[in-house]
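Look at the structure below and follow the chain from one end to the other. The paragraphs after it go from the overall fold to single residues.

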Amino acid sequence: MVQSLAGDERAYRSLLDDVARQLRGYYGRRLRERAAIDDLVQETLIAVHSRRATYDSGRPFTAWLHAIARYKLIDYLRSNKLRETVTLDDAPEAQLASPVTESELAHQDLDTVLEEVSPLQKSLIKAVKVEGRSIAEVASSSGLSQSAVKVTVHRALKKLSQRFGRGQTHD
């Protein structure tokens, strides 16, 4: 996206191809009607094109794209008064339709965001906040005190909050 914003046509075409493939998987897991999926992919690509100037290169691209796709899906469902569901029998096939899952994209975005903190802070955040390990367990395995783990995680999250402007932190 950054290259396309700088005027690189080849990068822009490649971006749109990749985005279209991801959108087909995203909408395909939520809707059954092929025409609706194709329409939503096109509408989202148009929105990406028309709103590309609003993209903040300091933030993860996939989060920006997902927000647009989600709003397009909500608008479509509301306008058609639909509540689409996928049966459990269909779910594994739907997961195979997309080469990159939302979980993988979220992990890529998380890794990008965590590049803003030190390697120690990154590992502690992942252990405590992502893996759900206890402070005591992380302290024991890292050789740090429980207090040091808490303070390090808190400071890292505060730094990320300030960097990415999400909410207020409280000491």
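G25 lies in helix 2, which covers residues 9–28. The C-alpha atom of G25 is 9.2 Å from that of I37, a residue 12 positions away along the chain. The model is a predicted one.

Now consider the whole chain. The protein chain has 9 helices and 0 strands, and its pattern along the sequence is α-α-α-α-α-α-α-α-α. Of its 171 residues, 31% are buried. The accessible surface comes to about 11100 Å², and carbon and sulfur atoms account for 50% of that surface. Among contacts with a separation of 6 or more, 59% are between residues 24 or more positions apart.

Side chains of opposite charge can pair when their charged atoms come close. In one of these bridges, the side chains of E9 and R13 meet at 2.9 Å, N to O. Both residues belong to helix 2 and are 4 residues apart, about one turn of the helix. In the other, R21 and D18 meet at 2.6 Å, N to O, and these two residues of helix 2 are 3 residues apart, again about one turn. An α-helix has 3.6 residues a turn, so residues three or four places apart point the same way. How open to the surface are these side chains? E9 counts as exposed because its relative accessibility is 55%. R21 is partly exposed at 41%, and D18 is partly exposed at 31%. The structure holds 5 salt bridges.

Next comes helix 3, where T44 is found. Is T44 buried or exposed? T44 is buried, because its relative accessibility is 0%. Apart from neighbours within four places in sequence, T44 is in contact with L23, Y27, L65, I68, A69 and K72.

The patch is formed by E33, D38, D39, E43 and D75. D75 lies in helix 4, residues 61–79. With a relative accessible area of 46%, D75 is partly exposed, and that value passes the limit of over 30% required of patch residues.

Further along is helix 7, residues 119–130, whose buried residues are Q121, L124, I125, A127 and V128. Just after helix 7, G132 takes a positive phi of about 80°. In this part of the chain E131 forms a salt bridge with R133, and their closest N and O atoms are 3.5 Å apart. E131 is exposed, with a relative accessible area of 51%, whereas R133 is partly exposed at 24%. A network of salt bridges links E131, R133 and E137.

The last stop is helix 9, residues 146–164, which contains A148. A148 counts as partly exposed because its relative accessibility is 26%, and the range for that term lies between under 20% and over 50%. The C-alpha atoms of A148 and I135 are separated by 9.7 Å, and the two residues are 13 residues apart along the chain.

Key: Residues numbered from 1 in each chain as written. Predicted model: local features only at pLDDT ≥ 70, side-chain atom pairs only at ≥ 80, totals over all residues. Heavy atoms only, no water. Patch = residues over 30% accessible without salt bridge, like charges linked within 9 Å, V, L, I, M, F, W, Y side chains within 5 Å. Areas by Shrake-Rupley, 256 points an atom, 1.4 Å probe, with all protein chains shown as cover. Salt bridge = Lys/Arg side-chain N within 4 Å of Asp/Glu carboxyl O. Lys, Arg positive; Asp, Glu negative; His and termini not counted. Charge placed at Lys NZ, Arg CZ, Asp CG, Glu CD. Buried < 20%, exposed > 50% of the residue type's maximum accessible area, 1.4 Å probe, protein only. Contact = heavy atoms within 4.5 Å.
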